[in-house]
Amino acid sequence: MTMRDRRVTLLALAAAIAASALAVLVAQQASPPTTASGAATNWTPTRTPDGQPDIQGTWTNYTSTPFEVPDKSDTPDVYAGDLDGSGRGTGPSSFLTDTSGRQLTKARSLVVDPPSGRVPIMPWAEERRNYKLAHIQDDWVNFTPWERCITRGVPGGIFPAGYGSGYQILQGPGYVAIVYEMIHEARIIPVDGRPHLGASFRLWNGDSRGRWEGNTLVVDITGYNDKGSVATNVATQRVRAIPQSEALHVVERFTRVDENTINYDVAIEDPKVFTAPWKVAMPLHREPDYQLFEYACHEGNRAVPNTLSAGRARDRETRSGGSR
Amino acid sequence: MRTSRLFAAALLAVLAAGAPLAAHHSFAAEFDGNKPVTLKGTITKMEWTNPHAWLHVDVKGADGKVVAWMIEGGAPNALLRRGWNRESVAPGTAIVVQGFRARDGSNRASGGDVTLPDGKKLFIGSTGTGAPGDRPEPGGKK
């Protein structure tokens, strides 16, 4: 049995078992405020000195939930950048990375809307992703912003990656700040009612403006450039490296539903890229003892030159008639 | 109970279409899964750099010539949480490292298992790269 055959067999087995066991769980994520176990809550957060609901602390996003509901049309080798179709661009998933002893959320998919659990991606955007992943050895522009150490994106930077999973939230008068362990990013979100910057500003991560609706922090994000992607990590599967347009509009909602849980959900619309809005929901778990490590991504990012040099070696072999 | 929970989690992981997770970049774009290499040598330096750590190893060939190799590891925060520390990679330590060669033919490799002088093995690679032998963290999947 080849590696690929084994994977297909395992997939089929997993699908059969997981589909019956887990169908119940996904609905629980879509209706905050609830606890992680799905029960309604009347929990009231304390307030910061300037009166904001207090969501400060160190939070992690470890999960066992796949990003999308798998489909037979999926081509995980392509999403993972398996250039020669050997099956070696993909491998055993590492959802258990760093998760020992941790609470793992297990649901059908992180994508909760549409109910299919599938992101409504336009065909051109999938083709664009496929081209860039297949030609990653040819040009640095084909790398995702994460591989280039620019950003994991907003909201992509908060989607689970399996490591570098810490988020520190800090609040000061008029502001909420979120420090992302990976890749060493800090978002400073005004909650003082100021307007968006305006259409002349185009940013990799857009322009975040927050407001409190009861105990929920609502962050409205516009002003994106068209260079990034809403998701960059391979854990986001089919959505990784899908381009974003300047029309991207994101609304995040952070609701602390108990001492140890923030329900995070995000609505994403980009009429140039997706045929309909879609939504991700997942919990963030309070983990006061978790230490965020520095992730100074540029200091040793040899992946870009080494990948390009791999491509040039391939070109030389091709020109000389050699086979790989 | 714990075992069954882990099993369910593992199944879910597989359900995720075999999607690799943790790598910062694609294994296959840079390294060749068809070119495994086993290097026996002496550590000269560990670079605890992001997004990937790099282990430098002097390897003496059959002709007695010493060749410097660079072994790509996971991110420092992942390695630290996996049990790597300063002592694991002290310069002068004799190790055996298994990996896969760079596609451009240079003396670089994507690292896998590293065997220390006491026989203890530590996995230095990036989980989820899709490299052959890639696997979840010790302490995770049983």
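Analyst: **Strand β9 of chain A and its surroundings**

Strand β9(A) is joined by 8 bridges to strand β10 (residues 278-286) of chain A, and the two run antiparallel. Helices (H or I, at least four residues) and strands (E, at least two) are DSSP runs, numbered from the N terminus, and two strands pair if DSSP finds at least two bridges between them. This is a predicted model, in which local features need pLDDT of at least 70, side-chain atom pairs count only at pLDDT 80 or more, and totals for chains, interfaces and linings use all residues. Residues are numbered from 1 along each chain as its sequence is written, while chains are lettered from A and ligands numbered from 1 in the order in which they are written.

β9(A) itself covers residues 261-269 and is mostly covered, with 7 of its 9 residues buried. Here a residue is buried if 20 or more other C-beta atoms lie within 10 Å of its own, exposed if 12 or fewer, and partly exposed in between, with C-beta atoms placed from the backbone.

The chain around this strand has 4 helices and 10 strands. From the N terminus on, the elements of chain A follow the order α-β-α-β-α-β-β-β-β-β-β-β-β-α. Of its 324 residues, 46% are buried. Two residues are in contact if their C-beta atoms, placed from the backbone, lie within 7 Å. Among the chain A contacts with a separation of 6 or more, 65% are between residues 24 or more positions apart.

Helix α3 (residues 123-134) of chain A has 12 residues, which at 1.5 Å a residue should span 16 Å; its end C-alpha atoms are 16 Å apart, so the two values agree. The expected span is 1.5 Å times one less than the number of residues. The buried residues of α3(A) are Ala125(A), Arg129(A), Lys132(A) and Leu133(A). Seen down the axis, they fall within an arc of 95°, so they line one face of the helix; the arc is that of the directions from the helix axis to the C-beta atoms. An α-helix has 3.6 residues a turn, so residues three or four places apart point the same way. The face of α3(A) turned away from the buried side carries the exposed residues Pro123(A), Trp124(A), Glu127(A) and Tyr131(A). What covers the buried residues of α3(A) includes α2 (76-79) of chain A.

Just after α4(A), Gly321(A) takes a positive phi of about 80°.

Two arginines sit in loops of chain A. Arg152(A) lies between α3 and β3 (166-172) of chain A. Arg152(A) is buried because 30 other C-beta atoms lie within 10 Å. Not counting residues up to four places away in sequence, Arg152(A) touches Trp146(A), Gly157(A), Met182(A), Ile183(A), Glu185(A), Thr232(A) and Asn233(A). Arg47(A) is in the loop between α1 (3-22) and β1 (57-60) of chain A. Arg47(A) has 12 other C-beta atoms within 10 Å and is therefore exposed. Leaving aside neighbours within four places in sequence, its contacts are Gln52(A), Pro53(A) and Asp54(A).

Chain B has 3 helices and 6 strands, and 54% of its 142 residues count as buried. Its average pLDDT (the predictor's confidence in each residue, from 0 to 100) is 76, and 72% of the residues score at least 70. pLDDT stays under 50 over residues 1-22 of chain B and over residues 130-142 of chain B. Where pLDDT is low, the predicted coordinates should not be read in detail. For the complex, the predictor gives an ipTM of 0.76 and a pTM of 0.81.
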